[in-house]
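Dear colleague,

Here is the structure I promised to hand over.

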Amino acid sequence: MKLLQTLRSRKYLQRIILSFMLVVAMLAIASLFLNAAARDKVLSLQHEADRKLLTQINYNIENMNGIVKDLAVSLYNDEELIALKSGADYKQSILKIERLNRTVAASPYLHAAVFYNGKQNRFFSSLSHDMDTRALYGALEDYMASRADLPKLQLIPLDLDGENEGIDVFAFFIYDGPTLGSVNRNALILTVKPGWMLDNVKALNRVAERENDVLFVTDGDGQVLMAGERKLPPGLDIKKDLLGRMGSTDNAPDSFIHKQGEKDYKVTYLNKGLNNWQIISLQDYDDVLGSVRQMRWTEMAVTLSVALLALLLSVLISLRLYKPVGRLLMLVPHDGRGDSRAKDELSLIAENVTEMIGKLKGLEQERATQWNIAKVYHLRSLISLSDSMDEDAFLRIKEQYAIDITHPSPLRLAVVQLDDLQSLLLQPDSQTEALYHFAIANIGQELLQRGGSCEAADMKSGHLVFIASGNPSYLEMLDERFRELQETILRFYRVTFTVTLSDAFEDYRRLTKHYNLAMRHSNYRMIFGKGAVIQPDMIRRNEGNESLTIPKELERRLTEGLKSGDSEETEQAIRSWRGLLGEFSFDNMFSALLHLTMTLSHTLGEMNNNNLNPVSVNLQAINRRILEKETLDEIEGVLLDVVRDVFDQRRSGREDKNRLLVDTVKEMIEKHYADPDLNVQKIAEMLKMSAVYLGQVFKAQEGTTVVDQINATRLARAQQYLEQQHLTVAEIMEKVGFGNESYFYRLFKRRYGATPKEYRLKSAIDRST
């Protein structure tokens, strides 16, 4: 009782016991698989034994057939027996009968040897057989008469007495020629005793210890030719039940399971043996698998006994294994928090240990956080106010907070800025800016401390500052280390950042000066692009460039290209402008950028004031997009998009205007087609525009001329009049605006394949039918 209470209250103990039970279950499953494998092995061995038995029977039948064949050929070609085979003298033939008697007496399996003499039209046979000679001759004569294609050199089953009680003999025919003709036909017929083969089958059964099996030979119609001592199962239809399921494999034994009544039989067969016979063996399926089933019951008994013993051992072993866990559980305080019944003992112990470790780590992290906050504060103060910090205070802070800056030593400062920070933070799965800075600072310090000293500080103004110290060769290779850092961050975090390096300097007091200078130089990301490593040598030329404005010629190319609709010239002007700005200092570059956007806005305003189809451009949105970009390449892309949008709108407006013009021309043609003077010039005068321009626009839009459109409209109306009105062709021609009859006829026939009169006649015929 106490053991059951212990098991119910100890979940970990239950799991130990269940683990042992799982092993026992696996052993039971393995036993089942072993039994299945044994069953398959027994069936495989049984099939191999069946194959050997059927193959041996087939060999014996073929061997007997060969012996009979050799004997038949020898007798048929024996010169002493010519009188029996084809002699005309009856007395001479009778004298040779003794030779046949000796031959049959010498063979244990021959029943009789019979010659049919075509010249005498008589049978001559040995006299040692045990049936009426006339009955034998009659059966052979009936069989020979019933078959035009009498089989030659084959064992043929014959029922000599006609009582359908089985096969009496096997007949073996030999004769000259492809068939046995009706005139002067000669043949030798050997009849073979089936009992010889039956004895052979019985002997093989006894040798193979298969006396309980049903073994028989059948032909293609299901007739049993030879059978052992065991009778066939009652109600078995050989042709329907067995032959229909046999495969077409030649000389390769196969098997299947057949259910007859309440019993299952394993059917093994050799298909299409000699003379297309089938050798079949029937075995009781229970006898075949008897040993396997006996082994299964034995295994079940052994498995059950082992399982009971394993259960008892599992409980005892589990209790001993559980004893140390139980002792630990006694040390765990139970304060009533949570549902302890839903947890096992190890979970309760682990939860208690984890809680204690968590408290210790919390205390350590709180202390480390306070220490790191103080360290970062002093680093920011050093970077922002280094010129006011004396050397004693610097050394004291360096030692107290383990600041990794070598003193005295050459120094170099780097400003790191994340690219596309605003759009990056708007992504749903994006990390915060502080986490990106934390990752860059930690990985960067690990890389930069190879060969020198390094500290990093998040300035909380959208950028990081690295301070590196060491020998001059180490400081010169900082650009390579930062490029390695960029590749690492891109691979793990899919973000890029720009690095701005300062010149090397000796005194820590100059940190603030070089920090401010590096912050100014970081603005040149607009020129060098995102992910750049900017060094002082790269921007010296820009800093010394005093150019302030864009040349007037470049402004003129931009404005004229916009106004004239020359997209290639306008885009080339913008690209030239971008190349020119890349040489400016940052302050002048920003002023020139504002001037360019104002020029673009002014030009677009003029175009809208002087154009019937103004373009829709939101200049405030364009300016906002430009100010949001971080590089000149991005600003160039914005301006190119704006210019292309303007040209697309102008092109679309022009196409809409042309479409309106074409529709108007079509409407005027539909209204005035009956006017014989209607032409391009007259339509252009009504629309107050050039006839040439009108014709060009119409041709471009419709792919046909105005004249062709006028003629097509007139011909369509003429077709309707011919089908629906009883007017003359001359009247119709006048109503649709044609003044020349031959011209009207030529156009009408070209369009409809017939003259107006022919068309009217054909239309009338079609309506009447």
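Which residues does leucine 640 touch, not counting residues up to four places away in sequence? Leucine 640 touches Glu571, Ile574 and Arg575, where contact means heavy atoms within 4.5 Å. More on that residue below.

First, the ground rules. This is a predicted model: local features need pLDDT of at least 70, side-chain atom pairs count only at pLDDT 80 or more, and totals for chains, interfaces and linings use all residues. Residues are numbered from 1 along each chain as its sequence is written, and side-chain values use heavy atoms, with hydrogens and water left out.

The chain as a whole

The chain has 30 helices and 15 strands. Helices (H or I, at least four residues) and strands (E, at least two) are DSSP runs, numbered from the N terminus. Of the 769 residues, 43% are buried. Buried means under 20% relative accessible area, exposed over 50%, and partly exposed in between (1.4 Å probe, protein chains only). Among contacts with a separation of 6 or more, 62% come from residues 24 or more positions apart. The chain exposes about 43300 Å², and carbon and sulfur atoms supply 53% of that. Those areas come from the Shrake-Rupley method with a 1.4 Å probe; for residues, only the protein chains shown count as cover.

The antiparallel sheet

Five strands make an open sheet in the order S2-S1-S5-S4-S3, with antiparallel pairing. Strands S2 (122-125) and S3 (155-158) stand at the edges with a single partner strand each, so one side of each has no neighbour in the sheet. Two strands pair if DSSP finds at least two bridges between them. The twist averages 30° from one strand to the next. Axes here are lines fitted to C-alpha atoms, for helices over the stretch in contact, and angles run from 0 to 180 degrees between N-to-C directions.

Four bridges join S1 (residues 110-117) to S2. Phenylalanine 115 has phenylalanine 124 in S2 as its bridge partner. Helix H5 packs on this sheet and touches S1 and S2; its direction makes about 150° with that of S1. Helix H6 (residues 133-146) lies across S1, S2, S3, S4 (169-175) and S5 (187-192), at about 125° to S2.

H5 itself spans residues 97-106, and Ile97, Leu100, Asn101, Thr103 and Val104 are buried in it. They sit on the same side of H5, because they cover an arc of only 165° around the axis. The arc is that of the directions from the helix axis to the C-beta atoms. On the other side of H5, Ala105 and Ala106 are exposed.

The mixed sheet

A further open sheet of five strands has the order S12-S13-S11-S14-S15, and its pairing is mixed. S12 and S13 (residues 464-469) pair in the antiparallel sense over six bridges. Alanine 456 stands opposite phenylalanine 466 in S13.

Two helices pack on this sheet. H14 (residues 433-448) touches S11 (411-418), S12, S13 and S14 (497-501), and its direction makes about 10° with that of S13. H16 (residues 478-493) touches S11, S13, S14 and S15, and its direction makes about 170° with that of S14.

Leucine 640 is in helix H24 (residues 632-672). Leucine 640 is buried, at 7% relative accessible area. Isoleucine 574 is 66 residues away from leucine 640 in sequence, with 7.4 Å between their C-alpha atoms.

Asparagine 542 is in helix H19 (residues 536-544). At 6% relative accessibility, asparagine 542 is buried too. Its side chain reaches the backbone oxygen of phenylalanine 584 at 3.0 Å. Beyond four places in sequence, asparagine 542 touches Tyr524, Ile527, Gly582, Glu583, Phe584 and Ser585.

Backbone points to check on screen

- The peptide bond from histidine 407 to proline 408 is cis, with omega near -5°. Proline 408 lies in the loop between H12 (391-400) and S11.
- Arginine 494 has phi near 60°, a positive value in a residue other than glycine. Arginine 494 lies in the loop between H16 and S14 and is exposed, at 63%.
- Lysine 688 also has a positive phi, near 60°. Lysine 688 is in the loop between H25 (680-687) and H26 (691-702) and is exposed, at 75% relative accessibility.

Best wishes

Technical notes. Polar contact = N/O pair within 3.5 Å; in protein donor to acceptor, adjacent residues only side chain to side chain.
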